[in-house]
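Student: Could you walk me through reading a sheet, starting from the basic terms?

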Amino acid sequence: MQNLSPRHVKTEESLRLGVISGWYSTKVSGTFVSGPHDSEADCLRKIAEIDPPPPKDAKRKRAV
């Protein structure tokens with residue numbers, strides 16, 4: 001699990017970083033993983049694709 005989050009990079013910052021303005025999925029360290037995406041929703045969809053949530057346990061564990 002990478003724990004990715006969406007981040008919007010505005011024009012001023014994009015010029016400084018040398019990237020295109022838009023939404024990016026980033027690691028906790030700030031490293032870009034994917035992007036740019038047109039919207040936050042598109043970015044969140046990509047995050048779910050790259051780093052899906054853990055599956056819910058269908059059976060509850062019983063204490064013995």
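Tutor: Strands (E, at least two residues) are DSSP runs, numbered from the N terminus, and two strands pair if DSSP finds at least two bridges between them. Also, this is a predicted model: local features need pLDDT of at least 70, side-chain atom pairs count only at pLDDT 80 or more, and totals for chains, interfaces and linings use all residues. Residues are numbered from 1 along each chain as its sequence is written, and side-chain values use heavy atoms, with hydrogens and water left out.

Student: In what order do the three strands of the open sheet lie?

Tutor: The order is 1-2-3, with antiparallel pairing. Strand 1 (5-9) and strand 3 (32-37) are the edges, each pairing on one side only. From one strand to the next, the twist averages 25°; for such angles, axes are lines fitted to C-alpha atoms, and values run from 0 to 180 degrees between N-to-C directions.

Student: How many bridges join strand 2 to strand 3?

Tutor: Three, with strand 2 covering residues 22-26. T26 has F32 as its bridge partner in strand 3, and W23 stands opposite H37. On the other pairing, strand 1 and strand 2 share five bridges, and there H8 is partnered by W23.

Student: What about the hairpin of strand 2 and strand 3?

Tutor: Five residues sit between those strands, and G30 takes a positive phi near 100°.

Student: Is strand 2 mostly covered or mostly open?

Tutor: Mostly covered: four of its five residues are buried, meaning under 20% relative accessible area (1.4 Å probe, protein chains only).

Note on methods
Buried means under 20% relative accessible area, exposed over 50%, partly exposed in between (1.4 Å probe, protein chains only).
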